[in-house]
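Subject: Structure handed over, with notes

Hello,

Here is the structure you will be working on.

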Amino acid sequence: MELGLLSMRRGELARFLFKPNYAYGTLGCPPLIPPNTTVLFEIELLDFLDSAESDKFCALSAEQQDQYPLQKVLKVAATEREFGNYLFRQNRFCDAEVRYKRALLLLRRRSAPSEAQHLVEAAKLPVLLNLSFTYLKLDRPTIALRYGEQALIIDQKNAKALFRCGQACLLLTEYQKARDFLVRAQREQPFNHDINNELKKLASDYRDYVDKEKEMWHRMFARCGDGSTAGES
């Protein structure tokens with residue numbers, strides 16, 4: 001099967017006929033496949049990611065990598081990001097983090113002439129956004145905020161970056177900062193369902209926070225009214 005897949009192209013539909021010794025042998029696969037059965041597999045290769053080139057490049061020293069043209073570095077970084085996306089979709093967030101960081105390291109380490117710097121920044125932006133989202137999934141909002149803010153340095157009106165920063169601040173209970181980020185995101189995309197829902201969640205969480213604060217102060221002053229002092233409380 002592996003040899004057959006390696007012979008295929010993206011989008012190709014192929015049929016492979018396997019004799020029993022290359023399929024399920026003398027045992028078969030009960031109850032569907034009897035013993036000593038020749039099996040026909042029909043396979044459509046929807047897509048694939050080839051990491052061989054990327055892995056070889058990342059194994060090189062920084063000095064060796066610098067000898068390659070910028071387009072090569074951008075291609076490898078894009079492959080690393082695509083692998084990260086694949087792992088993220090499988091909820092393997094720690095593995096996705098590793099791939100995204102490899103891509104970011106390549107892009108940060110590469111010095112580019114001023115006329116090509118915009119290509120590096122354009123490649124960095126989605127990696128930073130993906131890292132911010134990944135750290136939100138890992139429940140590490142402080143780091144998620146850091147990467148979101150780095151994305152905003154590249155594009156200060158980027159709605160995704162503003163949204164991620166708002167989400168991170170909300171998790172950190174920094175309600176004013178969360179509102180500032182989310183309102184800016186809403187300004188860029190007024191009809192974005194996720195942004196508007198996050199603003200509603202912010203309002204609800206802030207009301208709960210204020211209610212708890214009121215209750216805490218009420219209890220504190222109630223104790224003082226019973227004859228105890230504020231210091232004793």
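Start with a charge and a ring: Arg-164 lies over the face of Phe-133, at 3.9 Å from the ring centre. Please keep in mind throughout that this is a predicted model. There is a second contact of this kind, in which the charged end of Arg-99 sits over the ring of Phe-83, 4.6 Å from the ring's centre.

Aromatic pairs

How many aromatic pairs does a search of the whole structure find? The search finds seven. One of them brings us back to Phe-133: its ring and the ring of Phe-88 have their centres 5.1 Å apart, and the planes are at 40°, so the pair is tilted. Which parts of the chain does this pair link? Phe-88 is in helix α4, residues 70-89, and Phe-133 is in helix α6, residues 117-137. Phe-133, at 26% relative accessibility, counts as partly exposed.

Tyr-135 and Tyr-147 form a pair with another geometry. Their ring centres are 5.7 Å apart and their planes are at 5°, so this pair is stacked. Tyr-135 lies in helix α6 and Tyr-147 in helix α7, residues 141-154, so the pair ties together parts that are twelve residues apart in sequence. Are these two tyrosines buried or exposed? Both Tyr-135 and Tyr-147 are buried.

Elsewhere, ring pairs join Phe-16, Phe-18 and Phe-41 into a cluster.

Domains

The protein is divided into domain 1, covering 1-45, and domain 2, covering 51-191. The centres of domain 1 and domain 2, taken over C-alpha atoms, are separated by 40 Å.

Empty space

Rolling a probe the size of a water molecule over the atoms shows where empty space is left. The largest pocket contains about 160 Å³ of space. Its lining is made up of Met-1, Glu-2, Leu-3, Gly-4, Phe-18, Tyr-22, Ala-23, Tyr-24 and Phe-41. Phe-18 and Phe-41 in this lining also belong to the ring cluster described above. Which helix gives the most to the lining of the largest pocket? Helix α1, residues 2-6, does, with three residues. By class, the lining of the largest pocket has seven nonpolar residues, one polar and one charged.

The structure also holds one cavity of 30 Å³ or more. The volume of the largest cavity is about 50 Å³. What lines the largest cavity? The residues are Phe-57, Gln-65, Asp-66, Val-73, Leu-106, Arg-109 and Arg-110. Three residues in that lining are nonpolar, one is polar and three are charged.

Glu-80 and Asp-66 are 14 residues apart in sequence and 18 Å apart in space, from C-alpha to C-alpha. Asp-66 is one of the residues that line the largest cavity.

Ala-161 lies in helix α8, residues 159-171. Ala-161 also has a relative accessible area of 0% and is buried. Between Ala-161 and Arg-108 there are 19 Å in space, C-alpha to C-alpha, and the two are 53 residues apart in sequence.

Backbone points to check

Most residues other than glycine have a negative phi, and most peptide bonds are trans.

The peptide bond from Pro-30 to Pro-31 is cis, with omega near 0°. Pro-31 is found in the loop between β1, 13-18, and β2, 39-44. Asn-36 is also found in the loop between β1 and β2. What is the phi of Asn-36? Asn-36 has a positive phi of about 55°, although it is not a glycine.

Thr-173 is not a glycine either, and has a positive phi of about 60°. Thr-173 is found in the loop between α8 and α9, the latter spanning 175-188. With a relative accessible area of 47%, Thr-173 is partly exposed.

Regards

Note on methods:
Residues are numbered from 1 along each chain as its sequence is written. This is a predicted model: local features need pLDDT of at least 70, side-chain atom pairs count only at pLDDT 80 or more; totals for chains, interfaces and linings use all residues. Side-chain values use heavy atoms; hydrogens and water are left out. Rings of Phe, Tyr and Trp (its six-membered ring) pair if their centres lie within 6.5 Å; planes under 30 degrees apart count as stacked, over 60 as edge-to-face and the rest as tilted. Helices (H or I, at least four residues) and strands (E, at least two) are DSSP runs, numbered from the N terminus. Buried means under 20% relative accessible area, exposed over 50%, partly exposed in between (1.4 Å probe, protein chains only). A charge sits over a ring if NZ of Lys or CZ of Arg is within 6 Å of the ring centre and within 35 degrees of the ring normal. Domain bounds come from an automatic or database domain assignment. On a 1 Å grid over the protein atoms alone, a cavity is a set of points where a 1.4 Å probe fits but cannot get out, and a pocket is an open set with protein on both sides within 12 Å along at least five of seven lines; lining residues have an atom within 4 Å of a point. Grid points are joined across faces, edges and corners, and a volume is the space filled by probe spheres set on the points. Ala, Val, Leu, Ile, Met, Phe, Trp, Tyr, Cys and Pro count as nonpolar, Asp, Glu, Lys and Arg as charged, and the others, Gly among them, as polar.
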